[in-house]
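Welcome, and please open the model in your viewer. We will go from selection to selection, looking at each stop in turn.

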Amino acid sequence: MISRRAAIAASIGLSLVAPAALAQAPSGQAPVGKVTVVTSFSKDVTDPIKKAFEKAVPGVSLEVQNRNTNAGVKYVEETKANNQVDLFWASAPDAFEVLKGKKLLTAYKPKATGIPEKIGSYPINDPQGFYAGFAASGYGIMWNERYAKANKLPDPKDWQDLAKPIFYDHVSIASPARSGTTHLTIETILQGEGWEKGWRTIKEMSGNFRTITDRSFGVPEAVNSGQVGVGIVIDFFAFSAQASGFPVKFVYPTVTTVVPANVGIIANPPNKAAAEAFVEFLLSPAGQEVLLEPGIRRLPVNPAVYAKAGADYPNPFTDPRFQKMIGFDVDKSEARTAVVDTLFDQLISFQLDALKGVTKTLHEVDAALVKKPNPQAKALADEARSLIAALPVTEAQAASPELRGAFTGAKEKGARQAEVEAQWASFARDNYAKAKAKAEEALKAAK
Amino acid sequence: MTAVPIPAPAPRARRLSATPGQIALALAIAAFLMLFLVLPVATVIYVAFTEKGTGTFTLVNFYDFVRTELFMRSLWNSFYVSAMSVVWSSVFALPLAYLTTRFAFRGAALVQTLGFLPLIMPPFVGAVAMQLFFGRNGSVNLLLDDWFGFKIDFMEGLNGVIFVQSVHYFPFILINLSAALRNIDRAMEEAAQNLGSSGFRLFRRIVFPLAMPGYLAGASLVFVKVFDDLATPLLLNVKDMLAPQAYLRVTSIGIADPMGYVISVVLIVASVVAMWLSARALRGRDYATTQRGGGGLAKRVMTPMEAILGYGVVILILALVLAPHLGLLLLSFATIWSFSPLPDAFTTAHYARVFGESSLYIKNTLIYASIAGGIDVVLGVAIAYLVLRTKLVGREWLDWMASAALAIPGVVLGIGYLRTFYGVTLPDGTPLASLWITIVLALAIRRLPYALRACYAALQQISVSLEEAAENLGATKARTVRRVVVPLMAGGILAGFVTSFSTAAVELSATLMLVQSNSDAPLAYGLYVFMQSAAGRGPGAALGVVAVILVAACTFLSHLIIERSQKAKGMGH
């Protein structure tokens, strides 16, 4: 305990000295003037950090441009000819991969110390040094206690729990195509459980969805206000809601991962020295401690900083739950991003009514089977489940260049996105209709 | 003089032909629209007509559109929702407009202002407030469930979209119809009454037909706006409509795919066709009356029974359409509001939090929205005049071009502006697109159709003979416009300004793409930044209330000004 205290004292001491040191460190000259950052983070996150940064590095003012991740990437891309932005600052590592791929980032190696190579099994910084992780986030399930009580919902513990009949029409998620963080959740399930089994889990859960929102924050918002009972979200949405007093709870399921939120310097930045100072500040103990504020509640990447957090603050470096979390393969994810997102939209988002219809019937079959077992009905229900779980593409196809070309606007001629989508949509529609017929047959047999 | 069909080539209208000044004006407007609307949008949506890989011209993407079940379903749903929204908006708007303009109705200005509020629903926070009130577990349904054991799905599926859209956009009909009703010569009504017509028959046969230009202006706006609106369906999580489909593709993995832009083209074409149809419906009829507003004749007085009924209907409608604003107000004072009919407790802390920064946002919003509204009415009057009063070749194209702006998703316009103007730099290297005037221009273009429809309807109701009289007395065309046409159109111009101004004040989608720094940001952007976190919900709502009060105050003020000026000219109503 004493050694830990000493560590805190040291880190505080360091935080007092660091800013002065860092003001001179990058590029050999003191950063001054305006530094512009494009971010998807809310005011509750950016305001305290801006304040602390401007105090730590006097003479520099932080200009925050708030845009959602996709719009931010688009903005940086459209304005690259005459770039006025210094930094990109957001959660989803995918967005940074896209920027890196389009050569819109500058490599920079942070000088900050005390930050390990990996968090869980995920590398904190981009191996090529184009962006750096500054806070970690895990994915999981949040729910509204009042709602759960009124609807007699049990506490969910794992993804499969959400597929249970009791959760029918109570679950919400953001579409992975629009929310970088949900995309990671889906990809985590796919990597953790495998392509076939993962999609089965996702589709079984989806049959219970109440809504599929088009922005990440739509989910915690609906759970906070009690419009939906359960939401699949990134952890800080739940933690900051708890800190604001909302009656919500959160759990990390067994198959999950913890992924860093990142900051990267834009290629050809107008104020490079100040941009580097900002990166250094975020990674310094002072910057890391700001993350513990109730309105932000993110997991710092510097393990020493957790000493300042409360006892109930999740610590991915010591909590055994995080050590069990799966490794996340960024390259694999990047290779099939568009395919996974489009599959989700075409098989689930745009066919949700059909999917929910057959899921409801299957729940009724299950209830009837509990009362009176019937092997024939069970076999029919299993057939229906297989039909729902069926996929139009294999894992190998999903990452194939031909299919990727359809989504990235590749220069070669090939299948058009609309064609591929129409095929998948009709595949899903036909299968769900067949499944519905089987399920109804099963229900008749079971009754 | 009533709305009787007259032979197609109206003999009086033909007399007026184009002067050099009018041609110059038309060219100037065309250049403005080309530069700030057509060109930026074209840089984005030309993709719709290119073949994948080669970039050559093709229509295969439209073939894909027709073949995709999802898009055809979306198209049909969009038509259905838009048509039904017009019906329900009319149900809300007709009683309010008729009772407050044609009868001695105490509190008419207040009703007009309150009835206008639903149009100013700040983004995001309005949605949250509405869910808290009407959602599946909103106040109304929680109480219903408690007392009677059932719930009503106000906000579910297509019917939910129709409900929310009708509540949101009925002021378009209210404001345009009211302006039109005020313009009807009271002698018409009196003549009909003297001949024995009264009650609903009087309204159906005389008053409403005469107000048709105003009604259609409003109704076509509602139709097109609902057709092109993506915010409401998305907030209700309805994705199988056309505008959300375009948005979802343009903002996610479809960004490199032509289909999002194909949908945008379809939206634009559908909007222009709807506008064209509403113009056709009025063709060959004359709505002009020489006398304006009844020249101070007394308004009709209601019998006590009629008065009770009238006030009852007005209060009921206002209660329904203002419920979201009440929810917003509660939210701005609420500590925690979750799964309960009312918030747990109340606080003023949220206002304290936004107090410091909101003054900057308010200043920016007022500047941007007033300039945008100003540009819109100037263009609106000019285009309406050119289309209705001259015989210039292709003058309708100005109208259609401007109206098409309604159908362009804000994000497409935003990206188009960045593409077109970011490369253009000032001498010191700052890009043109980073100046705040770019935001103003984008707002003006996006809100131009509102002002245009209002000005157009107002001009349709003015008899050409008044202008002829002025010109016979030796006035030049410019002087006639300044001294006769514009003053007579004042009501319509005001209606246009107020609609453009107030909707511009809460616009977000294009703004979000174009805002370059916090010091240039309008209120809607500030709201967006707050509404991304749990702790920001209260302050966001407080900022929303500030926005609504601000716009309502401006609206009320302009009502007062116009009433006073009309009275001063002896045209009071």
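Begin by selecting residues 362-558 of chain B: this stretch is 76% helix and 0% strand, and its end C-alpha atoms are 18 Å apart. Helices (H or I, at least four residues) and strands (E, at least two) are DSSP runs, numbered from the N terminus. The unreviewed UniProt entry annotates residues 75-274 and 362-558 of chain B as "domain: ABC transmembrane type-1"; such annotations may be inferred rather than shown by experiment.

A word on the model: it is predicted, with local features needing pLDDT of at least 70 and side-chain atom pairs counting only at pLDDT 80 or more, while totals for chains, interfaces and linings use all residues. Residues are numbered from 1 along each chain as its sequence is written, and chains are lettered from A in the order in which they are written.

Staying in chain B, select helix 6 (residues 125-134) and helix 15 (residues 304-333). Their axes (lines fitted to C-alpha atoms over the stretch in contact) are 8 Å apart, at an angle of about 100°. The two helices of chain B are therefore roughly perpendicular, a term for angles of 65 to 115 degrees.

Next, colour chain A by its assigned domains: domain 1 (2-136 + 259-324) and domain 2 (138-256 + 330-446). Their C-alpha centres lie 32 Å apart.

Finally, show both chains: 59 residues from chain A and 53 residues from chain B make the contact, counted where C-beta atoms, placed from the backbone, lie within 7 Å.

Conventions
Contact = placed C-beta atoms within 7 Å. Axes fitted to C-alpha atoms, helices over the stretch in contact; angles between N-to-C directions. Parallel < 35°, antiparallel > 145°, perpendicular 65-115°, else oblique. Domains from an automatic or database assignment.
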